[in-house]
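Please read it beside the sequence and the coordinates.

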Amino acid sequence: MPHDSANPPFARRIEPAETTPPADDRAQAARRLATLARILDAQFTIPGTGFSFGIDPLLGLIPGAGDLISAGLALLIVKDARTLGASKPLQMRMLTNIGIDVVVGAIPLLGDVFDFAFRASAKNLKLAREAGLLDQPGGGSPDRPR
């Protein structure tokens, strides 16, 4: 197949992607963001105390890999926030929360205690709510599951 030298095949025009995902994708991203935040930071409550925690501090007890697994799950929250239209500064704040959680969480013993208190995913959910990213129905809360 001969090629036109003025328009080689590798120079085909690429159309920009949609800037706003369909409503179903937005609703699904909002639900997933809230659900992940709840699972990571507030899934379990100690009876009679009102103190809740999620799998993030429990994963942190696994040397090395636990904090990385937790960070990977927390990054899905940032991905969903991006899908919902989070600004670059908001995404950077969310990534900073995750970074702090990973760096301090990697310190033996101190990091394990820190993981129970810092709650990066709950902070990121709060940031998403304050930015108006979860205005549509279906976005639960890590403190109040749907």
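1. Which residue lies over the face of Phe118? Lys123 does, at 4.9 Å from the ring centre, where a charge sits over a ring if NZ of Lys or CZ of Arg is within 6 Å of the ring centre and within 35 degrees of the ring normal.

2. Residues are numbered from 1 along each chain as its sequence is written, and side-chain values use heavy atoms, with hydrogens and water left out.

3. The mean pLDDT of the protein is 83, and 78% of its residues reach 70 or more. Over residues 136-146 the pLDDT is below 50, although this stretch has 28 contacts in the model beyond near neighbours in sequence, a contact meaning heavy atoms within 4.5 Å. Where pLDDT is low, the predicted coordinates should not be read in detail.

4. Four aromatic pairs are counted, under the rule that rings of Phe, Tyr and Trp (its six-membered ring) pair if their centres lie within 6.5 Å, with planes under 30 degrees apart counting as stacked, over 60 as edge-to-face and the rest as tilted. Phe44 and Phe53 form a tilted pair, 5.6 Å centre to centre with 45 degrees between the planes. Phe44 is partly exposed at 34% relative accessibility, whereas Phe53 is buried at 15% (buried means under 20% relative accessible area, exposed over 50%, partly exposed in between, with a 1.4 Å probe and protein chains only). Ring pairs link Phe44, Phe51, Phe53 and Phe116 into a cluster.

5. Phe114 and Phe118 both lie in helix H5 (residues 110-118), four residues apart, about one turn of the helix; helices here are DSSP runs (H or I, at least four residues), numbered from the N terminus. Phe118 is buried, with a relative accessible area of 15%.

6. Helix H3 (residues 65-83) and H4 pack at an angle of about 170 degrees with their axes 10 Å apart, the axes being lines fitted to C-alpha atoms over the stretch in contact and the angles running from 0 to 180 degrees between N-to-C directions. H3 is therefore roughly antiparallel to H4, a term for angles over 145 degrees. Among the residues making the contact are Ala71, Ala74 and Val78 of H3 and Leu95, Ile98 and Val102 of H4.

7. Ser121 lies in helix H6 (residues 120-130) and is buried, at 4% relative accessibility. Leaving aside neighbours within four places in sequence, Ser121 is in contact with Ala37, Leu40, Asp41, Ala74 and Ile77.

Technical notes
This is a predicted model: local features need pLDDT of at least 70, side-chain atom pairs count only at pLDDT 80 or more; totals for chains, interfaces and linings use all residues. Helices (H or I, at least four residues) and strands (E, at least two) are DSSP runs, numbered from the N terminus. pLDDT is the predictor's confidence in each residue, from 0 to 100. Angles under 35 degrees count as roughly parallel, over 145 as roughly antiparallel, 65 to 115 as roughly perpendicular and the rest as oblique.
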